[in-house]
Structures are given as structure tokens and as C-alpha cells.
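Me: I would like to learn how to read a few structural features from a set of coordinates. Please take them one at a time.

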Amino acid sequence: MRRVKLSLNKLESIIKEAADALRNGAIVVYPTDTVYGMAADIQNESGLRRLLLIKGTKAPMPVVTDTFENAEKIGVFNSNARKLAELFWPGPLTLIVKSRGLLPEPLEHDGKIALRIPDHIFPQRLARELNGFLISTSACPAGMSSPFTPDDAEKILGGKIDLLIDDGPTKYKGPSTIIDTTVNPPRIVRPGVLSPEDIENLSGIKLLT
């Protein structure tokens, strides 16, 4: 496993290294605003298989993108989803929306996909380098606590990954809040950094908890 310290003056070269590795089927661990994520390239079948094996679950994997326009290319946003995205993206909110049917099966479930734009330059730029989309899940096997530091991510995953991007501790010490916007009222699937009260107060949208 190669570990690379993230620095803004070397950002472009580090992004290129990570993107090239992903295109070749590698697994890359990288920082977000919430937890350290584990990524594969959507267009590389072997990378996706490896990610599912490491994660140890067939549950749908979230997709990180860099812009709302790209998110709309693969997901259908109703009025609630659109308002939440406008208010909280980039940020610690994952939205479940109806899929346009353009993604491989492990990323969809019952015609739905999970999307997020993290408030961190690295995943945004990495997604942009990979045609706007990145398979992303927390850097740990299913059932384990998510890592908030690169050292914890390395301890958890050991030699199972190929590249670790080190940006020190994450901004938040909790996961993104996941909301299913395909139901009315929208339902919190996983509590996270954003509290239901804050979301309701800012958006005016009543949530099912």
C-alpha cells in the first residue's frame, strides 16, 4: 500500500495518481468532510468487485459526485430532494433519490441510488477526473466504526487497499446523515452530522425519523 500526504501544491498530481489507480482496478482510501472513504471506479468491474469484497456486504454503495448537474444525470430529484441539495451540498448529507437506471446493479436498490457531494476538495476533484462519479463507502468493513484519521483507516484495512491519501483528521467526527427523499415525508435512514432539527429548521421540510 502506498500512502501519500495531501498538499494543495501537489493536488493535481495526487488526483491524477489516484484516478489512474482507480481506472486500473485499485482501491483508494481518501479524506472527506465526515469520514475517510474507500473508492472504486464505476467503470472498472474488477475494482467494484474488490470493493464489495472488502466491505463485506452487497448493500448499495453511495456515489460521490462534484456538481448537482452531474447528480441529476443519474438521479431524479423531486422538490424535497432538490431543496435539501441546494441547502446542504456540498456537505455531510447523503440523499437517496430515484435512479435513472444508468449505474451498475451494486449501486442501485429498488430503483434508488444514494448521492452526495462532500465538502472536501479531494473527493470533488477525484470524481470530476473520473467523468463526474465515484463509488464511495466508508473505509471499513460493514459493521465496523468508520475511521476519522488516516492511521485508523490503515489499521482497519491493512494490506487490502492500494493507495491511502492522508489529509489528517476529518472535519467532522461523524458520518453523513442519510435521507430517503423518494418517500413523503422524507425519512432519515441513518442519523449523522446534520441533526433532524437543523435540517427541518433550515429547509422547512418535515422529516420522518
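Predicted model: local features only at pLDDT ≥ 70, side-chain atom pairs only at ≥ 80, totals over all residues.

Me: How many salt bridges does the structure hold?

Reply: A salt bridge is a side-chain nitrogen of Lys or Arg within 4 Å of a carboxyl oxygen of Asp or Glu. By that rule the structure holds 16 of them. One of them pairs E17 with R2, with 2.5 Å between the closest N and O atoms. This pair links distant parts of the chain, 15 residues apart: E17 belongs to helix α1 (residues 11–23) and R2 to strand β1 (residues 2–5). Helices (H or I, at least four residues) and strands (E, at least two) are DSSP runs, numbered from the N terminus.

Me: Are E17 and R2 buried, partly exposed or exposed?

Reply: Buried means under 20% relative accessible area, exposed over 50%, and partly exposed in between, using a 1.4 Å probe and protein chains only. E17 is partly exposed because its relative accessibility is 27%. R2 has a relative accessible area of 46%, so R2 is partly exposed.

Me: Where do R49 and E45 lie?

Reply: Both are in helix α2, 4 residues apart, which is about one turn of the helix.

Me: Which residue does E200 meet in a salt bridge?

Reply: E200 meets K206, at 3.9 Å from N to O. E200 is partly exposed because its relative accessibility is 21%, whereas K206, at 60%, is exposed. Elsewhere, salt bridges that share partners join R3, K5, D151, E154 and D166 into one network.

Me: How should I describe two packed helices?

Reply: Two packed helices are described by the angle between their axes and the distance between the axes. Axes are lines fitted to C-alpha atoms, for helices over the stretch in contact, and angles run from 0 to 180 degrees between N-to-C directions. Here the axes of α4 (residues 79–88) and α7 (residues 196–203) come within 11 Å and cross at roughly 100°. The two helices are therefore roughly perpendicular to each other, a label given to angles of 65 to 115 degrees.

Me: Which residues of α4 and α7 meet?

Reply: Contact means heavy atoms within 4.5 Å. K83, L84, L87 and F88 in α4 meet D198, I199, L202 and S203 in α7. These residues divide into 5 nonpolar, 1 polar and 2 charged. Ala, Val, Leu, Ile, Met, Phe, Trp, Tyr, Cys and Pro count as nonpolar, Asp, Glu, Lys and Arg as charged, and the others, Gly among them, as polar.

Me: Where is T170 found, and what is in contact with it?

Reply: T170 sits in the loop between β9 (163–166) and β10 (177–180). T170 is buried because its relative accessible area is 6%. Leaving aside neighbours within four places in sequence, T170 is in contact with T32, D33, T34, V35, Y36 and F148. A polar atom of the T170 side chain lies 2.9 Å from the backbone oxygen of T34.

Key
Residues numbered from 1 in each chain as written. Heavy atoms only, no water. Polar contact = N/O pair within 3.5 Å; in protein donor to acceptor, adjacent residues only side chain to side chain. Parallel < 35°, antiparallel > 145°, perpendicular 65-115°, else oblique.
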